[in-house]
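Have a look at the sequence and the fold, then try each task before reading its solution.

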Amino acid sequence: MDRSQEIIRTSWIGIAANMLLAGFKAAVGILASSVAIVMDAVNNLSDAHRQPTCPPVCYLYSHLLCESI
C-alpha cells in the first residue's frame with residue numbers, strides 16, 4: 001500500500017471513530033438531559049466533517065510547509 005492510500009484509509013478510520021464517539025455522546029447527553037454533552041457530540045461531528053480525505057500537498061520550496069487539500 002502506498003503512502004497516499006494509507007493516509008486516505010487512516011482518515012476514514014478517524015472519521016468513523018469521530019462519528020461513533022459523537023453518537024455515543026449524543027445518546028448519553030440526551031439520557032442525562034445535559035446540553036453540554038450534546039453540544040460536545042456536535043463538536044465531534046464537526047471534527048469528523050473537517051477530517052482530510054486527500055493526501056497533503058507539500059510545496060516545492062520547503063518540505064516543512066504542507067497542508068491538506
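Predicted model: local features only at pLDDT ≥ 70, side-chain atom pairs only at ≥ 80, totals over all residues.

Residues are numbered from 1 along each chain as its sequence is written, and side-chain values use heavy atoms, with hydrogens and water left out.

**Exercise 1. Describe the overall make-up of the protein.**

Step 1: Start with the elements, which are DSSP runs numbered from the N terminus (helices: H or I, at least four residues; strands: E, at least two). There are 2 helices and 2 strands, and their order from the N terminus is α-α-β-β.

Step 2: Turn to burial, where buried means under 20% relative accessible area, exposed over 50% and partly exposed in between (1.4 Å probe, protein chains only). Of the protein's 69 residues, 16% are buried.

**Exercise 2. Find the salt bridge and work out what it links.**

Step 1: Apply the criterion, a side-chain nitrogen of Lys or Arg within 4 Å of a carboxyl oxygen of Asp or Glu.

Step 2: Lys25 belongs to helix α1 (residues 3-31) and Asp40 to helix α2 (residues 35-50), so the bridge ties together parts 15 residues apart in sequence.

Step 3: Lys25 is buried at 19% relative accessibility, whereas Asp40 is partly exposed at 30%.

Step 4: List the surroundings of Lys25, with contact meaning heavy atoms within 4.5 Å. Apart from neighbours within four places in sequence, Lys25 touches Ile37, Asp40, Ala41 and Asn44.

**Exercise 3. Which residues form a nonpolar patch on the surface?**

Step 1: Recall the rule: patch residues have over 30% relative accessible area and no salt bridge; like charges are joined within 9 Å, and nonpolar side chains (Val, Leu, Ile, Met, Phe, Trp, Tyr) within 5 Å.

Step 2: Name the members. The patch consists of Leu21, Phe24 and Val28, which together have about 260 Å² of accessible area.

Step 3: Examine one member. Phe24 sits in helix α1 and is exposed, at 56% relative accessibility. Lys25 is in helix α1 too, but it is buried, at 19%.

Note on methods
Areas by Shrake-Rupley, 256 points an atom, 1.4 Å probe, with all protein chains shown as cover. Contact = heavy atoms within 4.5 Å.
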